[in-house]
Amino acid sequence: MVVADSPCSDTGTILRVRGPLEFTCRLDSTDALHTHKVISRTFQTLHSQVKSESCVLTVCDSPVIIWPNRGVHATPEEISPDTLCEDLHQWIQTDEQESAGKRSAKKKSKKSSAVNVINLRLMMEVTKTGPVSAPILSKTVQKSHFLSTTLPIDCVIRTTCNDTIKDAFERLLAALTHQLCEMEKVTLQHMKGTSLVKPEPLHFLLPEPKGLVTVVYPAGVPDSQLETQRKELHQQFELPDDWPYFRRANAYHFPNEPYKDGYLRNPHLFLTHPTLENGKVYLVQGIYSYHHYMQDHMDDNGWGCAYRSLQTICSWFQQQGYTERPVPTHKEIQQALVDVGDKQASFVGSRQWIGSIEVQAVLNQLLEVTSKIMFVSQGSELASKGRELANHFLTEGTPIMIGGGVLAHTILGVAWSETTGQIRYLILDPHYTGAEDLQVITDKGWCGWKGPEFWDQTAYYNLCLPQRPKII
Amino acid sequence: MGRGYIVEDAVEGYLSNLCEQQAAPVTGLLIGQSSAQRDFVVMATRTPQREESTSALDKEWVTEHARQVSRMLPGGLSVLGVFIITDADAKDTLTTLRQLVFAVENLISSDNLWSPADDDITDCVTLHVNPKTRKTVCRTFDVKDPKSMAKPADWKYQLGVCSSWSMVSCCLNVDMLVPLPDNRASTENMDKCLKEGLKVWTHQIESGVCLIDGKKLPDDTDLTSGQKRNVRQTYTAQLLITPDDQRLPDVVQRCGGSVSVRGAIHSRAYLHSNKPKARLAEKLLKRDVVSTVATRVQMMLEELLISEEEGKGSKDKQQTEQFCLPRRIFCPVKVSGPVCVCDYQFSDEGQSEVTDRLKEMLDMDAAEEDLDTRQETPAEILEKVVEAEPTVEAVEALEPKRNNYIGVAMATAVALLATAASMLYLNDV
């Protein structure tokens with residue numbers, strides 16, 4: 001069901017081809033056998049199209065156009081089949097410059113991610129050399145069904161610094177062909193008499209060296225009904241059964257693609273992590289959104305910090321695909337606590353604080369997630385919790401909510417040295433009241449590494465450590 | 001400061017002849033190309049005589065003539081305006097000309113499937129020639145503005161106006177499949193469905209990427225730069241398209257059949273020699289692509305309607321019928337010039353019908369040897385009745401891969417939850 005790209009040692013460039021392919025046919029009967037035949041035949045047409053000389057791949061935001069089936073012919077003429085894939089970057093316009101030609105110096109991409117993506121569009125050339133034969137109008141009169149849709153082709157391959165365009169585009173063609181096969185399989189498999197599904201490709205980032213793999217899912221069929229497929233995939237890729245690698249929510253988000261909801265994702269990735277003598281860095285796994293004071297037109301300045309930390313944790317569970325429930329509002333959180341009997345009905349709409357125990361209760365009530373509570377009688381004791389925190393990030397990988405004194409925070413990671421005992425905490429601070437400005441948030445330490453002195457040394461703290469459900 | 005029309009020298013002689021030969025009033029069309037700086041008139045053609053010949057001006061006949069002529073003009077050439085040869089009062093004549101020019105423009109643009117562009121010139125020219133004095137009065141009207149007033153314009157004759165015009169051309173595959181409605185599939189229904197399909201296809205062509213001589217040029221590139229002045233150039237274009245976002249939504253629908261248009265066409269556009277830009281070449285060529293397909297489909301449907309009315313259409317519901325669209329034939333306006341007009345030849349017509357039409361519509365005396373029939377060959381109907389399935393005219397057709405997945409697919413039947421956006425429903429026929 002998938003294509004896995006060959007492993008590579010350095011961060012090369014990802015080539016991503018997207019483009020709709022028109023899928024049109026007429027069905028004389030709704031008999032399954034006939035429908036299958038017609039659909040397969042239509043897929044064959046698309047195979048021919050993709051393999052034909054009319055198939056064209058254009059590099060987005062550049063004048064580069066490549067005909068993969070015409071000896072990898074390209075325009076502009078400076079590009080040949082032996083040109084390195086990496087050199088394509090020089091032709092791509094960024095926002096900073098307008099010229100359509102080559103850039104004079106190779107520009108390094110933003111520090112945010114080491115991943116370079118070149119986006120390509122799949123198009124068809126409709127022109128050819130003449131002379132040509134004039135068109136024929138063909139009319140068929142028969143009561144039947146007409147099916148017209150487009151297939152959302154979306155293929156990726158990874159390239160290394162040594163790959164030429166010829167190498168890369170050969171692999172891209174193979175990926176396109178394979179995706180059509182997968183789409184056909186999914187379409188036929190999920191067809192039942194009177195309904196058809198659209199095949200929908202999604203990409204998933206697996207741990208190295210497997211990298212990015214593409215899975216074709218039937219659109220509209222919820223994750224809960226695709227467990228068999230996911231089991232097969234886990235087996236195929238020899239993945240443990242306790243992380244939902246292939247749930248739709250976990251689909252890889254390409255860099256430079258904006259998120260529709262406007263929240264920042266993983267601001268901690270933009271920091272430089274501390275290096276401690278014999279120390280290691282243990283971080284939250286996966287993706288979370290940064291929730292803080294004043295967001296969503298909710299003025300919770302002064303009382304909502306634990307709520308925001310809880311929202312950050314909920315966003316983690318949603319984005320890893322453990323739940324489809326959107327991040328709860330303050331009211332929904334409060335209502336959940338009323339529902340479990342922890343609070344009176346008057347709690348809803350109030351500005352009362354909550355703590356780790358309440359966070360644990362809400363996670364259980366709304367997301368069916370259990371959490372461990374860690375108690376320290378004095379803030380100074382947190383310095384000795386390195387091993388436990390490290391273990392948490394290793395096995396669970398979830399963000400931690402910590403409440404104590406009068407403040408609540410989120411711990412996203414820990415840098416800890418087993419030999420020296422030195423420790424640093426990666427803190428995401430929900431007390432920030434500004435806009436989603438990554439620069440400010442990282443510069444001013446709203447998301448930043450703190451030392452043990454960050455904690456109130458005499459206050460007691462409760463930590464809520466959410467446990468990851470062991471499911472796929 | 002009005003518009004300036006540079007007019008081919010031969011037009012002066014042509015108008016002069018009309019003054020002598022025919023009883024006034026004589027109307028006709030002016031054909032050429034408009035640009036931001038100046039306008040070029042390449043030829044003129046009188047309104048053909050009607051069988052029931054009356055000397056009175058027949059506005060509908062003039063506009064219908066314009067419509068027919070418009071179909072015979074490749075990209076870059078269009079009906080720029082109307083002339084009239086009469087010794088009637090100048091003011092009355094101007095009013096008449098104004099009516100004619102607006103009517104002509106309205107009719108022609110109602111046939112156009114392509115969207116108007118911001119840089120289109122919307123001024124049309126009117127020419128009033130007095131047969132006795134040979135005095136000419138040239139005025140323009142902005143046909144976009146119903147209240148437009150006449151503006152004076154320059155009318156200057158020149159030799160070899162289009163002798164160094166360039167041509168951009170291409171041959172293009174057409175592959176369209178549209179459903180017929182679920183009731184009697186009359187020709188009228190076919191017309192509506194095909195128009196819908198053509199609109200979608202037009203949008204794809206308009207949004208398509210256009211390469212000139214293998215390169216994607218920035219819009220403002222002067223095509224003739226770096227080349228010797230006044231040397232004729234020809235450019236080959238390539239068009240890349242993709243199904244667009246504005247397409248008709250995903251659908252599975254009951255239908256009464258389908259209509260397909262499959263084959264290829266030759267398309268071309270002429271560009272004036274005053275530093276034409278790549279953007280202009282792309283715009284004019286794409287319009288010609290759309291026009292030539294739409295025109296032929298329209299002509300085919302007109303033929304079918306006529307046969308239906310005359311009762312010639314076959315009454316038995318044949319499963320599949322195939323009709324050959326006419327092929328495009330070109331004819332140079334001037335023997336030595338690059339600019340050609342065109343005509344469409346049905347499979348049951350000979351070349352003499354083409355030359356007859358050129359004479360009637362464009363008042364051109366063309367001989368059969370002058371005709372360029374090399375760009376398109378007549379359509380050929382395959383002997384076996386082919387089901388209207390989408391086939392690709394693959395230039396290098398590879399053997400279709402054997403499909404191994406059907407067996408697996410049919411064994412499983414997964415119960416499905418429907419969400420409107422992604423599920424397509426078939427109803428039992």
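The model on screen is predicted, and the predictor gives the complex an ipTM of 0.83 and a pTM of 0.78.

**Chain A as a whole**

Begin by selecting chain A, whose secondary structure comes to eight helices and 19 strands, and whose C-alpha atoms fill a box of roughly 90 × 55 × 40 Å along the principal axes. Of the 472 residues in this chain, 56% are buried, while the chain exposes about 19,600 Å², with carbon and sulfur atoms supplying 50% of that area. If you display contacts with a separation of 6 or more in chain A, 70% of them involve residues 24 or more positions apart.

Colour chain A by pLDDT next: the average is 89, and 92% of the residues score at least 70. Over residues 96-113 of chain A, however, the pLDDT is below 50, and this stretch has 24 contacts in the model beyond near neighbours in sequence.

**Helix α1**

Now select residues 32-51 of chain A, which form helix α1, a run of 20 residues that reaches 28 Å from its first C-alpha to its last, close to the 28 Å expected at 1.5 Å a residue. This helix is mostly covered, since 14 of its 20 residues are buried.

**Aromatic rings in chain A**

Over all chains, the structure holds 21 aromatic pairs. To see one of them, select A:Trp316 and A:Tyr322, whose ring centres are 5.8 Å apart and whose planes meet at 15°, so the pair is stacked. A:Trp316 has a relative accessible area of 0% and is therefore buried, and A:Tyr322, at 11% relative accessibility, also counts as buried.

For another pair, select A:Phe375 and A:Tyr460, which are tilted, with 5.9 Å from centre to centre and 50° between the planes. This pair links distant parts of the chain, 85 residues apart: A:Phe375 lies in strand β14 (residues 371-376), and A:Tyr460 in the loop between β18 (447-450) and β19 (461-466) of chain A. A:Phe375 counts as partly exposed at 49% relative accessibility, whereas A:Tyr460, with a relative accessible area of 52%, is exposed.

**A tyrosine in a loop**

Move on to A:Tyr290, found in the loop between β13 (279-283) and α4 (305-319) of chain A. Although this residue belongs to a loop, A:Tyr290 is buried, with a relative accessible area of 0%. Leaving aside residues up to four places away in sequence, A:Tyr290 touches a set of residues including A:Tyr263, A:Pro267, A:Thr312, A:Leu428, A:Tyr432 and A:Trp446. For a sense of scale, draw a distance from A:Tyr290 to A:Leu120: these residues are 170 residues apart in sequence and 31 Å apart in space, C-alpha to C-alpha.

**Charges over rings, and chain B**

Still in chain A, select A:Lys343 and A:Phe347, where the charged end of the lysine sits over the ring, 5.5 Å from its centre. In chain B, select B:Arg268, which lies over the face of B:Phe330 at 3.7 Å from the ring centre.

Finish by colouring chain B by pLDDT, which averages 84, with 83% of the residues scoring at least 70. Residues 385-429 of chain B stay under 50, and for this stretch the model has 94 contacts beyond four places in sequence.

Definitions and conventions. Residues numbered from 1 in each chain as written. Chains lettered and ligands numbered in written order. Predicted model: local features only at pLDDT ≥ 70, side-chain atom pairs only at ≥ 80, totals over all residues. Heavy atoms only, no water. Phe/Tyr/Trp six-rings, centres within 6.5 Å; stacked < 30°, edge-to-face > 60°. Buried < 20%, exposed > 50% of the residue type's maximum accessible area, 1.4 Å probe, protein only. Helix = DSSP H or I, 4+ residues; strand = E, 2+ residues; numbered from the N terminus. Lys NZ or Arg CZ within 6 Å of the ring centre and 35° of its normal. pLDDT = per-residue confidence, 0-100. Contact = heavy atoms within 4.5 Å. Areas by Shrake-Rupley, 256 points an atom, 1.4 Å probe, with all protein chains shown as cover. Expected span 1.5 Å × (residues − 1).
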